[in-house]
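Here's a quick briefing to read alongside the model. Have the viewer open and follow the topics in turn.

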There are 2 protein chains.
Amino acid sequence: MSDKTVSDRTLRSPAMTDVARLAGVSHQTVSRVLNDHPNVREQTRLRVRAAIAELGYRPNRAARTLVTGRSQLIGVVAQNSTLYGPASLLAAFEQVAAEAGFAVSVGSVRLLDHRSIAEAVERHLDQRVAGIMVIAPVTSATAALDGLRTDVPLVSVDGDPASTTALVTVDQVAGARDATRCLLAAGHRTVWHVSGPPDWFDSAGRIEGWQQALREAGAEVPPLVSGDWTAAAGYRAGQMLARVPEATAIFAANDHLALGILRAMSERGRRVPEDVSIVGFDDVPEAAYFIPPLTTIRPDFPAVARAGLALLLEQIESGRPASRRETIAPTLVTRDSVAPPAA
Amino acid sequence: MSDKTVSDRTLRSPAMTDVARLAGVSHQTVSRVLNDHPNVREQTRLRVRAAIAELGYRPNRAARTLVTGRSQLIGVVAQNSTLYGPASLLAAFEQVAAEAGFAVSVGSVRLLDHRSIAEAVERHLDQRVAGIMVIAPVTSATAALDGLRTDVPLVSVDGDPASTTALVTVDQVAGARDATRCLLAAGHRTVWHVSGPPDWFDSAGRIEGWQQALREAGAEVPPLVSGDWTAAAGYRAGQMLARVPEATAIFAANDHLALGILRAMSERGRRVPEDVSIVGFDDVPEAAYFIPPLTTIRPDFPAVARAGLALLLEQIESGRPASRRETIAPTLVTRDSVAPPAA
DNA sequence: CGAGGTAATGTTATCGCTAACAAGATCAGC
DNA sequence: GCTGATCTTGTTAGCGATAACATTACCTCG
């Protein structure tokens, strides 16, 4: 490897002892200043701070991690995808974590199955992360999480509502209810639903909310049209629904599905919102520029991220696991894709 | 904090000495096995591996980092955004890095200005990252990068083509040239361009390629319409262009701009592609479901990520900085938004 | 003014690993 | 069987921080 020489010593970034020597104190005093211990004389504190500034000293995280057994790192496990929801969540979380002084290490997995998740978590454990957040929106992730060692704080986002781990979720049910109600309120007799993939909790919650709203209004529950999160699936579903004259109101489980439906309707000559009303979910940035602008449900990702971090920090500080649950309500964003039925 | 007791010893995750004791060797031999040193007897190696498996031992990264001065972590600095390009790049990079045995720590910044970037890089340096990748598509990032200490391998992605650091870029110029040529080939006399924000290199490269293609065809260069990356800007640009009858071919600097243009055209009764042809850039997953499906340029993000990692590893292994440049060519994806002009 | 307590600082051990060197084992060739 | 090279293993010394304990300085009060 590299040859250690005496001159190397001067190149090397300064360590705590260098600061101590310059300030004329022991390294322990420097450590105390760094960690805001109370029993340090003001004058000493200033002298140490000056020495730190002069040398441009920055503590070695690895050394601290080694001795404390815990780093200032939070691991995030997410499915490797560019889906709008997970991506937004990750960005928001990184932001709030940085503000709290934590770095974020991402460990993406191809599949959210037991083995992949367990491996990703183990990799993070190797790094001695202070906590782990799992973006685990699918059923297969639940079993994986329940089987894990719990000596590190763990929070899952959009995970199994029935899970025992700490959990933060977007209130899918309430969002779907709002979406459905909004269509019913426009005068439609009932609302059709194009759902996401069946193994996602998000899908299940949105289906549940849709059904609740229909039942509460005494409306008939039409057959469920199953999709995934892609515009392609929305397009296929839309081609079918365009041939069903009584399907005048559609709640799509996300905006990309809605986009596909929009195109299918356009191809088949069914106008939106005159002939068919559509509501989406997610409020992707482009939703306002669909044709027509899409009425949709906006989840508050920053709020989810903040709640997740709070739950994590609570566990880190208290030292014991939490199983609290936090639910973040989404809001309805009204645009032009909803109108009263033609009849 | 937690009280250390004797029973604690058994709970604690096993260290190298525990493995050594079980295998009946010294901890150094265990270290040798772990690091694939050649001079270990096969039989010993197996015995050690068995002990590792039996105890479920996993090396402590912090300890290794402390002694070697370098971790198996790569830091990524990116602007905190949900923009399709950066998000895809991050996801792709995380994937290839994991395959190479590296964890990825994200440090997002609000602005890509000097101070923000310098701080983010310093934070990563604290973690003793093995290398840093900066997704630095804007001019303001260049100065910041040039002023940094270079004792840690650094690669920038989509950065200043004139920069001195190692660099991986999507070939914006070639992509824009392809887009423009494709419209000219359809028979349009010239091509209009709605660009991205002026301080992005991506924008500059796409403008350059557009102009090159026009000049090479002897076509007139229409005035540039300046936008940002949003559908909103595309919509505004589209409203204007819809009133310009001779603007029959438009190259939008990304798909979201194209989406906004599409909607403006639709509102103003100009049909795409019959009246106006449009080409985008990025190939977002939904582009195939725009109305009409969008012809666009697809950058190869996984290839960019692989090239970036390769450049980083090369520097890590050789121990000296590189200033090599890698350019990844994008491809044209033909869909329905291009047709010959009406006349 | 000395006892006793608290505040401020220093000393030493330790976290788990790798590097450098030391030492024992093995083997070829004579 | 002995010499010296090579292979294999063990021993020791840090990396740079925190924790626990030891020590000194300072103050209050009877």
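Sorted by class, the surface near DNA strand C has 12 nonpolar, 11 polar and four charged residues. Keep in mind that this is a predicted model.

**Around DNA strand C**
- In total, 27 residues surround DNA strand C, and the closest are S26(A), M16(B), S31(B), N60(B) and A63(B).
- The top contributor is helix 5 of chain B, with five residues.

**How the two chains relate**
- Chain A superposes on chain B with a rotation of 180° and 0.1 Å of shift along the axis, at an RMSD of 0.2 Å.
- The two copies are therefore related as by a two-fold rotation axis.
- Looking at chain A, the C-alpha nearest that axis belongs to S105(A), 2.0 Å from it.
- Both copies use the same surface, as 100% of the contact residues of chain A recur in chain B.

**Helix 7 of chain B**
- Helix 7 (residues 114-126) of chain B has 13 residues and spans 18 Å from its first C-alpha to its last, close to the 18 Å expected at 1.5 Å a residue.
- Its buried residues are I117(B), A120(B), V121(B), R123(B) and H124(B).
- Seen down the helix axis, these fall within an arc of 155°, so they line one face of helix 7.
- What covers them includes strand 2 (103-109) of chain A, along with strand 1 (73-79), strand 2 (103-109), strand 3 (131-135) and helix 8 (139-146) of chain B.
- After helix 7 of chain B comes R128(B), with a positive phi near 55°.

Definitions and conventions
Residues numbered from 1 in each chain as written. Chains lettered and ligands numbered in written order. Predicted model: local features only at pLDDT ≥ 70, side-chain atom pairs only at ≥ 80, totals over all residues. Helix = DSSP H or I, 4+ residues; strand = E, 2+ residues; numbered from the N terminus. Expected span 1.5 Å × (residues − 1). Buried ≥ 20, exposed ≤ 12 C-beta atoms within 10 Å, placed from the backbone. Arc of directions from axis to C-beta. Contact = placed C-beta atoms within 7 Å. Near = placed C-beta within 6 Å. Nonpolar A, V, L, I, M, F, W, Y, C, P; charged D, E, K, R; others polar. Least-squares fit on C-alpha atoms with pLDDT ≥ 70 in both.
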